[in-house]
Amino acid sequence: MKISARNSLKGTVKQLTVGAVNTEVVIEISPGVEIVSIITKSSAESLGLTDGTEVYAVIKSTDVMVGIE
C-alpha cells in the first residue's frame, strides 16, 4: 500500500457499529489505545471489515486540535 498521507497507524478492528448510512469503526492500535473512525456503510462492506480485521488508520489533515482541562 502506497499513500500520500504521512500518518498511518496499524491496528485491529475492535468493534463495528453499523448504522443506516455510516459505520463506526473502533481500531485498537495497541493494548488500551484506540482510535475511532466513521466511514460509510458501503465502504465498510466493500473492505470486508469484521472484528479482528487488521487495518490501517490513515490520518491526513492540516489541522490537529489540542485541548486541556
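How many residues does the hairpin use to join β1 to β2? The hairpin between β1 and β2 passes through three residues. The structure is a predicted model, in which local features need pLDDT of at least 70 and side-chain atom pairs count only at pLDDT 80 or more, while totals for chains, interfaces and linings use all residues. Residues are numbered from 1 along each chain as its sequence is written, and side-chain values use heavy atoms, with hydrogens and water left out.

Helices (H or I, at least four residues) and strands (E, at least two) are DSSP runs, numbered from the N terminus. The C-alpha trace spans about 35 × 35 × 25 Å along its principal axes.

The four strands form an open sheet in the order β3-β2-β1-β4, with antiparallel pairing; two strands are taken to pair if DSSP finds at least two bridges between them. β3 and β4 (54–59) lie at the edges with a single partner strand each, so one side of each has no neighbour in the sheet. From one strand to the next the twist averages 45°, with axes fitted as lines to C-alpha atoms and angles running from 0 to 180 degrees between N-to-C directions.

Strand β1 (residues 7–18) is joined to strand β2 (residues 22–30) by six bridges, and the two run antiparallel. Across this pair, Thr 12 is opposite Glu 28 in β2, and Gln 15 is opposite Val 26 in β2. Val 26 also has a bridge partner in β3, namely Val 36. The antiparallel pairing of β2 with strand β3 (residues 33–40) extends over eight bridges. The hairpin of β2 and β3 has two residues between the strands, and Gly 32 in this hairpin adopts a positive phi near 85°.

Of the 69 residues, 16% count as buried, that is, under 20% relative accessible area with a 1.4 Å probe, protein chains only. The accessible surface amounts to about 5500 Å², and carbon and sulfur atoms contribute 53% of this area; areas come from the Shrake-Rupley method with a 1.4 Å probe. Among contacts (heavy atoms within 4.5 Å) with a separation of 6 or more, 42% are between residues 24 or more positions apart.

The protein carries 6 positive and 8 negative charges, whose mean positions are 12 Å apart. Lys and Arg count as positive and Asp and Glu as negative, with His and the chain ends not counted; each charge is placed at NZ of Lys, CZ of Arg, CG of Asp or CD of Glu.

Key. Buried < 20%, exposed > 50% of the residue type's maximum accessible area, 1.4 Å probe, protein only.
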